[in-house]
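Here is a short report on selected strands and helices. Take a look at the model first.

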Amino acid sequence: MSEKRKGKHTTKRGRFVQTVVEVEGRTETRVVELPAFEPPPWTAATPLTIVGTSPLRVDAAEKVTGRARYTADIVRPGMLHAVIVRAPLAKGTVTAMDLDAARAMPGVRAVMGTGDAPAATRLFRRDISYAGQPLAAVCAESLDAAECAARVLATSLRVDAAPHAVIVDDAIAPDAPLVRKDGNTTAPDVVERGDVARGLAAAEVTITREYRTPVALHSALEPHGAVCEWNGEHLTVWESTQGIFRVRSDVAKALTVPQAKVRVLKDYMGGGFGAKNGAGAHTYTAALFARQLGAPVRCINDRRAEQTDSGNRPATVQKVTIAARRDGTLTALVLDALIPLGISGWEGGPAQIFHELYACPNVRTTEICVYINASGMQAFRGPGYVEGAFALEGAMNALARALQIDPVALRLKNLATRDERANREFSGNRLDECYTEGMRRFGWTSTVHRPPPTVTRVKHGIGVAAQTWPTGGGPPSYADVRINSDGSVDVLAGTQDLGTGARTILAQIAAEALGARLDTVRAVIGDTERLPYTGNSWGSMTTPSVGPAVRMAAEEAKARLLEAAAQMLDAPVESLSTNDSQVLLDSVVALSFSDLCRKLGNVHIVGHGSRGPNPELAIVTVGAQFAEVEVDPETGVVRVLRVVAVHDAGRIINPALAESQLHGGIIQGIGYALFEERHIDRARGVTLNANLHDYKIPTMADVPAIDASFLDGADPAANHIGARGIAEPPIIPTAPAIAAAVADAIGVEVCEIPLTPWRVLTALAQ
Amino acid sequence: MRFTVNGSPRDVDPARSPTLLAALRDQLGITGPKLSCDHGECGACTVRLDGELVYACLSLTAACEGTQVQTVEGLANGNALHPLQESFITHDAAQCGFCTPGQLLAAATLLEQKPHPTDDEIRAAMSGNLCRCGTYPKIIAAIRAVADGAGGAP
Ligand code: FES
Ligand code: FES
């Protein structure tokens with residue numbers, strides 16, 4: 001607790017309070033600063049003219065002309081190139097490596113091997129625990145020279161191989177090799193509410209299924225990469241990242257330099273999807289070589305490294321039991337899940353959605369994480385919920401079939417009306433309307449009442465699934481709004497735009513709050529040195545976290561501007577308002593921002609904003625998706641014909657950009673349902689499809705008609721801009737909706753994705 | 001070795017940059033074409049070579065002597081954007097934008113060869129250019145609008 005000085009010119013700082021923040025589905029309690037004031041919320045009835053409209057993406061022209069600079073486009077004078085040499089097998093010990101041979105190669109400036117990097121970077125260790133692990137690195141005058149030397153180094157590598165386990169069954173076998181010193185599994189994480197035994201006993205129908213989901217790779221088109229440059233003791237890092245401040249703290253810690261001497265910059269980035277949330281081997285490698293050689297160094301993953309060692313969505317094995325009365329009322333939900341995380345990772349498991357999506361008095365989930373000799377997981381769009389939804393929604397659809405109840409009716413019957421997991425009310429949750437609006441748009445006719453399909457070769461089917469995802473965002477997030485002497489406006493926030501449109505929507509929020517014309521407002525983001533702190537762009541958090549801070553900063557700047565205008569116009573400040581970059585006196589235009597600011601000269605009008613704590617409410621984005629597919633029973637090929645998605649995310653700041661996000665989530669969901677699966681060779685322990693040809697992501701030819709929309713409205717109970725997050729929710733229900741449609745088409749459930757022709761044919765043969 | 005890039009004669013040393021992509025990016029500082037897979041799998045490096053679409057990561061610099069190369073930087077006419085660039089902007093057909101230079105060149109080539117493609121023809125012709133952000137529906141709409149003579153109008 002800290003009391004701030006209150007002088008005549010109050011600095012408007014608040015006290016510190018505890019609040020609960022949810023990040024990627026996990027809950028954390030944090031101490032945060034309480035803003036001195038928070039503006040009244042923008043409700044659904046508040047007339048807004050810029051927020052809620054779809055001005056064009058502010059940086060679109062840069063992107064279509066090739067002017068947008070991504071990390072790999074950064075060139076510094078005298079820049080060198082680093083390449084990492086990676087482990088060729090899954091477990092063993094490095095016994096020899098000829099660093100001198102690499103050093104002798106043309107153009108090579110430095111080589112690092114075992115023991116040459118600070119321990120905190122975890123780089124270049126002797127013990128190998130997964131294929132693709134960094135073992136050494138080369139720095140040279142050109143990328144080609146670095147790659148040649150890296151090949152020489154790789155050839156000279158001698159390794160004592162040891163037995164490994166790269167799939168879950170091998171890691172939990174009784175005689176499994178030890179993947180980590182402390183064992184191959186975590187203690188079971190059991191979460192239970194109610195009395196599952198009684199719930200099961202009370203059931204009239206019980207369904208049990210085992211679902212399997214694959215390891216999915218983020219596959220951002222721009223690989224991870226960094227350019228590092230030292231100027232004396234100051235380090236500048238250009239990094240393709242979702243979290244500039246996190247990269248700064250990672251680098252500062254690993255290299256033991258103060259954060260004040262590390263500057264992280266990120267302008268444009270080619271996608272992240274959860275895999276780019278901190279510094280990585282490429283960052284440390286570039287920073288270490290740059291320090292050693294006194295020259296800027298670029299280190300960018302090649303595609304193989306990107307698909308091997310930059311994170312993944314872990315696989316799951318989920319045994320689900322779902323119990324209900326004959327009228328469809330759920331009496332129990334049980335999940336037993338195994339999650340092979342890789343060599344490391346955090347609990348991003350499938351359980352949580354089992355506690356949240358439906359009203360059910362008795363729920364028990366058990367998660368056991370398994371370590372395997374493969375690269376560690378990273379958050380991937382909707383981590384845990386995507387995997388969990390495939391199983392939970394699959395089981396709900398199986399239950400609907402068993403009970404001969406329409407799957408939407410079954411869901412409406414078991415709709416969660418409050419957050420039963422955390423025992424709290426929702427700030428807003430209109431999932432019921434998402435179903436009804438989705439049914440209308442899709443033309444949903446119940447699958448169970450349809451006449452049996454005629455005997456044609458290609459079979460059609462339809463399916464539905466739903467989603468929930470915590471999207472409250474939260475503190476800390478800060479922003480400044482600065483009005484320049486010509487009336488133009490800078491929004492300063494240390495956030496990042498992954499392609500989501502953050503630059504655009506933050507400018508919209510500031511323009512709305514300030515009463516400024518949007519084309520006079522520019523959002524400046526992506527610089528730890530010059531901009532106020534915001535958190536990572538993960539967990540669908542940027543809009544609900546940074547948005548309110550920006551609005552508050554703009555409101556404060558507006559208040560100051562009007563105080564100055566009141567002096568200039570000799571009018572009471574209460575009689576003044578703003579619109580369209582003009583000051584209005586009793587609703588009549590009195591002065592333009594530019595005239596006012598010109599007269600003020602270099603008097604600086606600045607507003608500061610911070611994100612306040614969250615209310616004691618569950619803040620979630622929900623939605624329902626409907627899919628129609630066509631299955632060829634002779635080839636097993638599944639084609640998605642259309643997807644209808646309706647989500648409730650509170651206020652939508654920019655409907656066109658939000659729709660783009662829905663498209664992106666749904667299309668990644670189609671990939672997850674039909675194509676995407678990392679294959680590791682069980683015997684050798686290496687990834688067999690570490691490229692974009694054999695690891696298939698959807699192409700334009702795979703994409704169906706998509707009708708994606710949001711419910712109109714706002715959620716003023718969530719935060720004062722009324723908006724929740726939207727980036728992750730749309731990927732969650734797509735795969736189970738497609739799987740349900742396939743089951744509807746062929747009359748057999750396929751409980752393992754991706755639904756490859758082989759899996760479909762195998763299911764049909766049974 | 002000399003070739004023409006976006007209308008200007010340029011000299012590069014093929015020995016320093018075996019691939020056209022590396023020559024453009026590293027020797028000429030033309031960074032519109034992106035390096036993403038380096039194996040002809042994604043289309044991020046797409047450029048036009050004498051009017052034909054190629055993956056610059058698979059094209060040998062030495063084989064480009066005397067050719068005309070066009071990158072996204074050469075699509076606009078001075079300050080006047082190409083209709084497809086306008087249309088990509090108005091249809092929000094770029095999220096992260098990393099695939100966009102390649103998508104634009106593929107789209108421009110399609111419309112030159114087939115000014116009024118069907119949606120299925122667009123899908124087929126554009127399927128060599130991956131987009132992980134999933135902008136495909138909006139890219140189709142953007143191409144459709146230009147093909148239908150609606151220019152950049154959404
Ligand atoms: S970088 Fe050339 S096709 Fe991917
Ligand atoms: S817009 Fe991001 S890859 Fe296409």
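How many of the seven residues of strand β3 (residues 80-86) of chain A are buried? Seven of the seven are, so β3(A) is largely enclosed by the rest of the structure. Buried means under 20% relative accessible area, with exposed over 50% and partly exposed in between (1.4 Å probe, protein chains only).

This is a predicted model, in which local features need pLDDT of at least 70, side-chain atom pairs count only at pLDDT 80 or more, and totals for chains, interfaces and linings use all residues. Residues are numbered from 1 along each chain as its sequence is written, chains are lettered from A and ligands numbered from 1 in written order, and side-chain values use heavy atoms, leaving out hydrogens and water.

A:L80, A:A82, A:I84 and A:R86 point one way from β3(A). A:H81, A:V83 and A:V85 point the other way. Strands (E, at least two residues) and helices (H or I, at least four) are DSSP runs, numbered from the N terminus. Two strands pair if DSSP finds at least two bridges between them. The table lists three pairings.

| Pair | Sense | Bridges | Opposite residues |
|---|---|---|---|
| β3(A) and β14(A) | parallel | two | A:H81 and A:R298 |
| β3(A) and β7(A) | antiparallel | six | A:R86 and A:P134 |
| β24(A) and β25(A) | antiparallel | four | A:L584 and A:V589 |

**An open sheet in chain A**

Three strands form an open sheet in the order β23-β24-β25 (chain A), with antiparallel pairing. β23 (576-579) and β25 (588-592) of chain A stand at the edges. Each has a single partner strand, so one side of each lacks a neighbour in the sheet. Neighbouring strands of this sheet are turned by 40° against each other on average, direction ignored. Helix α15 (residues 593-600) of chain A packs on the sheet. This helix touches β23, β24 and β25 of chain A (contact means heavy atoms within 4.5 Å). Its direction makes about 40° with that of β25(A).

**Two helices in chain B**

Helices α2 (residues 83-90) and α5 (residues 136-147) of chain B pack at about 135°, with their axes 9 Å apart. Axes are lines fitted to C-alpha atoms, for helices over the stretch in contact, and angles run from 0 to 180 degrees between N-to-C directions. That makes α2(B) oblique to α5(B). Angles under 35 degrees count as roughly parallel, over 145 as roughly antiparallel, 65 to 115 as roughly perpendicular and the rest as oblique. Residues that meet include B:L84 and B:F88 in α2(B) and B:I139 and B:V146 in α5(B).
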